[in-house]
Amino acid sequence: MSRQSNRATDSKKMNSELFTLTYGALVTQLCKDYENDEEVNKQLDKMGYNIGVRLIEDFLARSSVGRCHDFRETADVIAKVAFKMYLGVTPSVTNWNPAGDEFSLILESNPLVDFVELPDNHSNLVYSSLLCGVLRGALEMVQMAVDVRFAQDTLRGDSVTEIRMKFIKRIEENLPAGDE
Amino acid sequence: MADEALFQFLHSEIIQYVNSAESGESENGRCVSKLESMGFRVGQGLIESRHISVCRFTKDTPRFKDELDVMKFICKDFWTSVFKKQIDNLRTNHQGIYVLQDNKFHLLTQLSAGKQYLEHAPKFLAFTCGLVRGALSNLGVKSIVTAEVSVMPACKFQVMIQKM
């Protein structure tokens with residue numbers, strides 16, 4: 001049975017150039033539509049959020065991962081299962097803060113930026129902002145409010161790409177109004 | 001390797017975005033042409049990045065023999081590398097018009113398998129029309145690509161070659 005499910009996920013693999021180039025076309029379009037980089041970042045993050053909200057269902061259905069018991073487990077699932085499944089890379093999880101509610105994902109390579117060079121006049125553009133939105137949206141659907149941002153980016157000359165994630169709070173299940 | 005779910009979500013998010021940026025009935029055409037031009041750029045890029053494999057594909061004949069040869073490449077290799085299947089039917093009038101039929105078009109399968117949402121189908125095809133036009137353009141063929149759907153998820157892409 002496990003072999004079968006393996007095959008099902010294998011068959012979902014696709015031409016990643018298509019994804020990378022399409023993402024590039026989107027960013028290019030956004031840069032044309034908005035004057036300012038901050039607005040582009042915000043729009044990418046918003047679109048990522050919308051994707052994340054839907055992607056989590058696909059992920060839970062295909063990965064058979066259950067509820068995470070703590071943030072460390074969440075970090076592991078994101079890095080080892082989710083990134084692997086959707087982008088084909090496995091970031092490393094490091095830089096935990098003492099409280100254990102903040103960590104970094106280190107990406108040696110970022111599939112989103114394969115053919116990308118940032119022109120000088122876009123110094124505030126966070127090219128892969130979409131990823132932040134995806135992570136935030138997906139985690140929100142499993143009752144976790146998190147803050148996600150890029151701390152380092154190879155596009156800006158850093159040696160690795162670092163995504164910093166901070167746990168904010170558990171989102172309580174919303175009871176219908178008037179239901180005690 | 002990326003996962004196809006990711007591309008599908010991104011694609012529909014792009015449609016959503018372009019649509020909301022160009023709201024209003026009269027802007028529908030502009031929305032479609034914006035999606036088309038994004039697809040065009042991606043199609044060009046795909047051929048560029050695939051250039052080596054295109055060369056390998058055409059190893060025996062240094063260039064494509066003729067237009068039909070290019071179209072066959074689009075139907076087989078290009079379509080497989082993008083949508084993981086071949087075009088189901090290719091027809092031509094031998095005067096520069098080609099009709100590529102896909103009986104189960106990847107980007108429509110999630111949407112519907114009937115007449116429901118038929119009015120939204122053009123938005124889901126515009127990007128791919130551009131994709132084909134961009135690919136052809138980088139293979140030296142100038143064209144106009146349109147698409148039509150009668151029953152989802154089957155659709156036909158019509159390629160009109162522009163004589164230079």
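In the predicted model, the interface between chain A and chain B buries about 3,000 Å², and carbon and sulfur atoms account for 68% of that area. A:Met14, A:Leu18 and A:Phe19 together supply 20% of the area that chain A buries against chain B, more than any other three residues. In terms of contacts, 32 residues of chain A meet 25 residues of chain B.

Six residue pairs are in polar contact between chain A and chain B, with both residues of each pair at pLDDT 80 or more. The elements of chain A that give two or more residues to the side touching chain B are strand 1 (13–14), helix 2 (16–33), helix 3 and helix 4 (71–87). Helix 2 of chain A provides the largest share of that side, with twelve residues. Sorted by class, the side of chain A that touches chain B comprises 17 nonpolar, eight polar and seven charged residues. Two salt bridges are found across the interface of chain A and chain B. B:Lys34 forms a salt bridge with A:Asp33, with the closest N and O atoms 3.2 Å apart.

In soluble globular proteins, nonpolar side chains tend to be buried together. The largest nonpolar core of the model contains 100 residues. A:Leu26, A:Ile163, A:Met165 and B:Phe78 have the most contacts inside this core. Leaving aside residues up to four places away in sequence, A:Met165 touches A:Phe71, A:Ile78, A:Asp101, A:Glu102, A:Phe103, A:Leu105, A:Leu135, A:Leu139, A:Val146, A:Asp147 and A:Val148.

Side chains of opposite charge can pair when their charged atoms come close. Over all chains, 13 salt bridges are found in the whole structure. In one of these, A:Arg136 pairs with A:Asp45, and the closest N and O atoms lie 2.3 Å apart. This pair links distant parts of the chain, 91 residues apart: A:Arg136 belongs to helix 5 (residues 129–140) of chain A, and A:Asp45 to helix 3 (residues 37–63) of chain A. The two partners fall into separate accessibility classes: A:Arg136 is partly exposed, with a relative accessible area of 24%, whereas A:Asp45 counts as buried at 19%.

A salt bridge also joins A:Glu102 to A:Arg164, the closest N and O atoms being 3.2 Å apart. Because A:Glu102 lies in strand 3 (residues 102–107) of chain A and A:Arg164 in strand 5 (residues 161–170) of chain A, the pair ties together parts that are 62 residues apart in sequence. A:Glu102 is buried, with a relative accessible area of 16%, and A:Arg164 counts as buried at 13% relative accessibility. A:Glu102 is also among the residues touched by A:Met165.

In chain B, B:Lys84 forms a salt bridge with B:Glu4, and the separation of the closest N and O atoms is 3.4 Å. B:Lys84 is located in the loop between helix 4 (67–83) and strand 2 (89–92) of chain B, while B:Glu4 is located in helix 1 (residues 4–21) of chain B, so this pair ties together parts that are 80 residues apart in sequence. B:Lys84 is partly exposed at 36% relative accessibility, whereas B:Glu4 is buried, with a relative accessible area of 12%. Elsewhere, A:Asp58, A:Arg62 and B:Asp3 are joined into one network by salt bridges that share partners.

Methods. Residues numbered from 1 in each chain as written. Chains lettered and ligands numbered in written order. Predicted model: local features only at pLDDT ≥ 70, side-chain atom pairs only at ≥ 80, totals over all residues. Heavy atoms only, no water. Core = buried A, V, L, I, M, F, W, Y, C linked by side-chain atoms within 4.5 Å. Buried < 20%, exposed > 50% of the residue type's maximum accessible area, 1.4 Å probe, protein only. Contact = heavy atoms within 4.5 Å. Salt bridge = Lys/Arg side-chain N within 4 Å of Asp/Glu carboxyl O. Helix = DSSP H or I, 4+ residues; strand = E, 2+ residues; numbered from the N terminus. Buried area = accessible area lost by both parts, 1.4 Å probe. Polar contact = N/O pair within 3.5 Å; in protein donor to acceptor, adjacent residues only side chain to side chain. Nonpolar A, V, L, I, M, F, W, Y, C, P; charged D, E, K, R; others polar.
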